[in-house]
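Trainee: I've got a structure open and I'd like to learn how to read its side-chain features. Can you walk me through it?

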Amino acid sequence: MKSMFGQPLVDTVYFNEKLQKEAELRSYVLEHIDEAVEKGWIQTYYQPCIDIHTGKLYQYEALARWIDPVHGYLRPDQFIPVLENNYLVYKVDFKVLENACRTMQETGHPFPISFNLSRTDFESADVLKNIVDISDHYGISRSFLHAEITESAMNNDNNVIRKAIDDLHGIGCEVWMDDFGSGFSSLNVLKDYPFDVIKIDMVFMRNFNKRSEDVVKAVTGMNKELGLRTLCEGVETKEQMDFLHSIGCDIAQGYLFSKPLPYEEVSQLEFGMKS
């Protein structure tokens, strides 16, 4: 039944080999998540975010990739949802942060990153303690750490997320809202939650037309009035970048600059002047 979601013209599905393999992979992920964390199968890739006004590197988003000895490269959509549904994704989220902090320590060149926190992380783990323990262990200032929380997280217990944002600010982290515009509570989120950066969902760039331009322009202007910075995801063309520059958007992220890469590769890229 779940395989039919998002397929409005499909009213019958027969169990087949494809569904069987998907079910087996879900079981494999749940059975091997601890081993994946322990043995380094969970790796951190980095996608650059660019300061639109200067063309320089603003920060990296730290993203999870699972390189498995049996199944090879696992896409995030093959393991993140199943772990999130089972309240285990915190193991990945904190491993991504730990990998990034270790890289900063080893290179001796700390760099700002954003990292994802799932709604279930706040129910499954002590988020503040994990961030403090990891950053202190590797000697990384929390001013370099930007926690991303998706808009959908605000659809549950609002008080929990509001307190979490205040607590994250209290330990020195910025808090960014991810996927703005992908849900239905966006304006309430802007009103009620003290985010530092709003990330506009990539769907607006994917369907880049006059209506999308008007929405992105309006959101960017509204954010400026509220004292918030705006990041637009999914930027793939110079036309889109020029438009974002013209409306005063602050930060851009997308394949125009780079796909997510291991640190050894992404650190060799240059944007405008060397960052």
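Mentor: Let's start with a polar contact, meaning a pair of N or O atoms within 3.5 Å; within protein, one must be able to donate a hydrogen and the other to accept it, and residues adjacent in sequence count only if both atoms are side-chain atoms. Here, the side chains of glutamate 61 and glutamine 253 make one at 2.7 Å. Keep in mind that this is a predicted model: local features need pLDDT of at least 70, side-chain atom pairs count only at pLDDT 80 or more, and totals for chains, interfaces and linings use all residues. Residues are numbered from 1 along each chain as its sequence is written, and side-chain values use heavy atoms, with hydrogens and water left out.

Trainee: Where is glutamate 61 found, and why does glutamate 61 count as buried or exposed?

Mentor: Helices (H or I, at least four residues) and strands (E, at least two) are DSSP runs, numbered from the N terminus. Glutamate 61 belongs to strand 2 (residues 57-68). On accessibility, buried means under 20% relative accessible area, exposed over 50%, partly exposed in between (1.4 Å probe, protein chains only). Glutamate 61 has 5% relative accessibility, so it counts as buried.

Trainee: Which residues is glutamate 61 in contact with, leaving aside its neighbours within four places in sequence?

Mentor: Contact means heavy atoms within 4.5 Å. With those neighbours left aside, the list for glutamate 61 includes Tyr45, Ser114, Glu148, Lys199 and Gln253.

Trainee: How many salt bridges are there?

Mentor: A salt bridge is a side-chain nitrogen of Lys or Arg within 4 Å of a carboxyl oxygen of Asp or Glu. That rule gives 19 salt bridges. One of them pairs lysine 199 with glutamate 233, with the closest N and O atoms 3.5 Å apart. This pair links distant parts of the chain, 34 residues apart: lysine 199 is in strand 7 (residues 197-200), while glutamate 233 is in the loop between strand 8 (229-232) and helix 10 (238-246). Lysine 199 and glutamate 233 are both buried. Through shared partners, salt bridges join Glu61, Glu148, Lys199 and Glu233 into one network.

Trainee: What about lysine 39 and glutamate 35?

Mentor: Lysine 39 and glutamate 35 form a salt bridge too, their closest N and O atoms being 2.8 Å apart. They sit four residues apart in helix 1 (residues 17-39), so about one helical turn separates them. Lysine 39 counts as exposed because its relative accessibility is 52%, whereas glutamate 35, at 27%, is partly exposed.
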